[in-house]
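Q: I have a new structure open and would like to learn how to read it. Could we go through it together, one feature at a time?

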Amino acid sequence: MKKVQFKSKYTQYIFLAPTLIIISIFLYLPIVQTFRDAFTTQDAFGFGRFFAGWDNFKFVLSDPSYLVALKFTFIYIFVITVISCSLGLLLAVQANKVIHGKSAYKTLLIWPYAIAPAVVGVTAQYFFSERFGILYALFNSLWGFDWTANIFDAYIYLFIAGSWKQISANFIFFLAGLQTIQKSVIEASLIDCRSSLRRFWTITFPLLMPTTFFLVIINITYGFFDTFGIIDTTTIGAPSGETKTLVYKAYIDGFRGLDLGAAGAQSIIMMLLVLIITIIQFRYIEGRIHYN
Amino acid sequence: MKFIRTKAVALFLLFFSISPSFAKTEIHWWYGNSGFLGDVIIEIAKRFNESQDDIVVIPTGKGSYEDNLSATIAAYRAGDHPHYTQVYDAGAAIMVAQVKNGVVIGFEEMGEKYGIDVNADNYIPQVKNFYADADGKMIGVPFNSSTCIMYANMDILKKVGVDVPTTYEEFEEIAQKIKDAGYIPLVQSHDPWIWTENFFSRHNLLMTDGNNGFDDVPTKTLFSETPEFITHWTKVKEWHDKGWYAYKGRGWGDNQAPFNAGEAAFWFGSSGSFGGIKDLPINFTTNQIPYWSSITGGKAYPTFIGGAANWILNGHTEEEYAALAKFIKFMGSPEMDLYYHNTTGYTVVTKGGGQLAETINFYRTSPYHKTAPEQLNLEGATIPGGYRAGNWPQIREVIYENFPKILTGELSVEEAMKRTDEGASKLLAQFAKTL
């Protein structure tokens with residue numbers, strides 16, 4: 001067999017160059033810059049710059065509202081992941097059973113996935129506006145819902161807005177996952193077990209585990225980073241700063257407050273958090289999943 | 001022959017198509033207003049461009065005030081900044097601090113440097129002082145200057161049979177009657193600006209140490225140390241519990257909505273809001289913002305201006321600054337000042353504009369425009385006409401994180417003030433480090 005090889009030692013670098021240049025400019029350079037900002041104190045225009053050591057980190061961690069944002073971020077990610085994964089799975093299982101008009105169902109359920117988070121936020125506003133929101137009126141009549149004053153009501157507002165879009169993403173991946181399960185396995189299980197619920201939990205769901213694992217990671221990343229646009233267009237942290245995520249707070253401090261040092265420090269803390277979560281996922285959870 | 005003629009025509013066309021852009025000096029002006037106010041800015045630039053042939057002012061909207069400030073900073077760092085940019089009141093300390101770094105050229109300094117008569121004395125004092133440095137030298141060029149005023153729904157007041165209050169004591173006497181008639185007595189749109197910063201100015205109280213930052217770099221806010229301020233917010237909490245005051249979250253428009261819909265009797269907003277609501281089907285008047293006569297002994301003091309100023313950025317050519325100076329002069333002319341005042345409700349910023357308004361009896365036909373200039377021109381204040389405190393946008397954020405908790409009862413007034421002071425001190429210290 002003929003072996004294809006580059007004659008020059010450097011040819012491969014030429015092929016790598018475009019990707020490397022793009023990654024360096026848009027990824028590595030900003031990371032270096034973030035580290036530099038995190039360890040310096042400077043004014044908004046970059047003057048009065050001096051090395052600050054850990055000052056920015058101390059400043060951020062001693063800020064009570066940072067701990068509030070940290071708590072909210074984890075609650076938010078957890079709830080959004082649970083709601084959107086379970087509803088996505090439910091819809092996928094049901095849609096998989098449909099025989100007539102299958103593609104119509106699919107298309108309609110996938111639609112919200114294409115909507116940008118900021119637009120999701122504006123849409124949610126229409127439902128939760130005190131003046132003309134249907135859900136506001138409904139919840140208000142049930143238990144006096146008021147997201148501007150009550151923390152849990154503000155949570156509900158954001159849970160619904162944040163999960164809605166993500167249900168579509170989960171739906172499409174679960175549906176694809178369901179279709180990769182071999183017919184023979186399903187047929188065999190039909191003979192062995194009459195309860196469809198039990199068949200689902202013992203056969204279908206374990207076979208979907210790789211998809212579920214993938215989706216959990218996707219949802220965590222979404223909750224961490226993409227919900228920014230939703231918060232900025234809905235509660236802006238209402239009632240009093242309790243509904244800011246870490247990313248949103250870093251944005252407020254960096255681009256509204258113009259304190260790049262504090263925002264840089266927050267970005268690095270966030271990077272470490274994401275790193276830890278990823279390690280836990282890959283080391284402890286993935287080991288229990290069987291890919292076929 | 002034919003070939004030559006075509007060539008000549010082509011050259012001729014080429015010459016005339018490019019020559020105007022060569023001859024005209026371009027001035028870039030970035031702004032942070034949108035909607036109706038953004039349209040007025042475009043109109044101002046258009047009028048200037050049509051008034052002469054040498055200069056083109058190109059206005060570019062960047063979103064909100066905050067968006068424009070961060071866009072300006074990013075552009076400055078990239079070396080691609082405009083000549084002229086609009087920065088709001090809370091960003092004034094940031095911009096004034098940039099004069100020594102050579103980012104901002106002070107308005108008077110530009111005049112001296114390029115031998116241009118900028119006529120700083122033409123601006124009215126309360127406006128001039130807000131954007132001046134410690135020596136009283138003008139840095140920012142006053143533009144859209146508003147102040148907080150009280151809008152009153154006269155239909156509701158007539159129905160209930162009460163008058164417009166001038167003090168909070170009077171408001172307390174009539175609030176229950178308004179509520180009993182099925183209306184919300186009071187809404188207001190901005191906790192930090194209206195009921196914090198301008199609470200202090202309206203009652204002639206200092207808000208930070210260092211004489212509001214005009215004498216020394218401030219190290220703390222005086223919220224928890226000012227008993228009058230604690231009393232005020234204790235009252236606000238009482239009003240909220242009694243249903244005399246409704247809080248609709250931190251959104252400006254959410255709090256304004258009940259007034260626009262004719263459901264609220266009084267709304268505290270900006271005088272610059274007038275242009276946007278004058279055509280609504282409610283019968284309203286503009287009035288000075290109330291004060292506690294028990295605190296001031298019956299005297300009313302001027303409020304701070306709000307809104308924004310335009311700032312001149314360094315790094316352009318002398319020719320361009322000379323062109324910019326012409327534009328500034330155009331905007332500061334009595335006619336343009338009054339035009340802007342009339343269209344938007346922002347106050348006149350020049351003495352010339354004020355005189356012109358008197359001459360043509362402007363306030364007889366538009367009495368509602370008079371409220372803001374009258375409130376701003378009140379005399380007798382001993383505190384400075386503004387505050388110079390860095391990181392103020394973030395301090396406003398701290399206010400938003402603590403003050404709503406007073407209304408929900410999660411924090412006592414004293415505790416909320418204490419926490420805000422603590423948060424503010426840290427932010428002020430952070431800013432002081434970079435000076």
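This is a predicted model: local features need pLDDT of at least 70, side-chain atom pairs count only at pLDDT 80 or more; totals for chains, interfaces and linings use all residues.

Q: Thanks! Which residue of S10(B) stands opposite B:Tyr88?

A: Opposite B:Tyr88 you will find B:Ala308. These residues belong to a pairing in which strand S3 (residues 84-88) of chain B and S10(B) are antiparallel, with 5 bridges.

Q: What holds paired strands together in general?

A: Strands of a sheet pair through backbone hydrogen bonds, and they may do so parallel or antiparallel. In this structure, S10(B) gives several cases to look at. Strand S4 (residues 104-105) of chain B pairs with S10(B) in the antiparallel sense through 2 bridges, and there B:Val104 stands opposite B:Leu313. S5(B) also runs antiparallel to S10(B), joined by 4 bridges, with B:Ser146 opposite B:Gly306.

Q: How many residues of S10(B) are buried?

A: The strand is mostly covered, with 8 of its 8 residues buried. For another covered strand, look at strand S1 (residues 25-31) of chain B, where 5 of the 7 residues are buried.

Q: Does S1(B) run parallel or antiparallel to strand S2 (residues 55-61) of chain B?

A: S1(B) and S2(B) run parallel, and 7 bridges join them.

Q: Now I would like to read a whole sheet. What is the order of the strands in the open sheet of 4 strands in chain B?

A: Going across this sheet, the order is S7-S8-S6-S9, and the pairing is mixed. Strand S7 (184-188) and strand S9 (284-287) of chain B are the edge strands; each has a single partner strand, so one side of each has no neighbour in the sheet. From one strand to the next, the twist averages 20 degrees.

Q: How many bridges join strand S6 (residues 148-153) of chain B to strand S8 (residues 264-270) of chain B?

A: There are 5 bridges, and the two strands run antiparallel. One bridge to look for is that of B:Tyr151, whose partner in S8(B) is B:Trp267.

Q: Which helix lies across S6, S7 and S8 of chain B?

A: That is helix H9 (residues 191-202) of chain B, which runs at about 125 degrees to S6(B).

Q: Let us step back to domains. How is chain B divided?

A: Domain 1 covers 25-146 + 305-374, while domain 2 covers 148-303 + 390-433. Their C-alpha centres are 27 Å apart, and 22 residues of domain 1 of chain B are in contact with 21 residues of domain 2 of chain B. On the domain 1 side of this contact, the elements that each supply at least two residues include strand S10 (306-313) and helix H16 (334-344) of chain B. By class, that side has 9 nonpolar, 11 polar and 2 charged residues.

Q: What about chain A: how many helices and strands does it have?

A: Chain A has 13 helices and 2 strands. Its mean pLDDT is 90, and 97% of its residues reach 70 or more. Buried residues make up 32% of its 292 residues.

Q: How closely do the axes of H4(A) and helix H7 (residues 151-180) of chain A come, and at what angle do they cross?

A: The axes come within 8 Å and cross at roughly 145 degrees. Among the residues making the contact are A:Leu109 of H4(A) and A:Phe171 of H7(A). By class, this contact has 5 nonpolar, 1 polar and 1 charged residues.

Q: Last one: how many residues does each chain bring to the contact of chain A with chain B?

A: Chain A brings 26 residues and chain B brings 30. On the chain A side, helix H12 (residues 246-256) gives the most, with 4 residues. The residues of that side divide into 11 nonpolar, 9 polar and 6 charged.

Conventions
Residues are numbered from 1 along each chain as its sequence is written. Chains are lettered from A and ligands numbered from 1 in the order in which they are written. Two strands pair if DSSP finds at least two bridges between them. Axes are lines fitted to C-alpha atoms, for helices over the stretch in contact, and angles run from 0 to 180 degrees between N-to-C directions. Two residues are in contact if their C-beta atoms, placed from the backbone, lie within 7 Å. pLDDT is the predictor's confidence in each residue, from 0 to 100. Ala, Val, Leu, Ile, Met, Phe, Trp, Tyr, Cys and Pro count as nonpolar, Asp, Glu, Lys and Arg as charged, and the others, Gly among them, as polar. Domain bounds come from an automatic or database domain assignment. A residue is buried if 20 or more other C-beta atoms lie within 10 Å of its own, exposed if 12 or fewer, and partly exposed in between; C-beta atoms are placed from the backbone.
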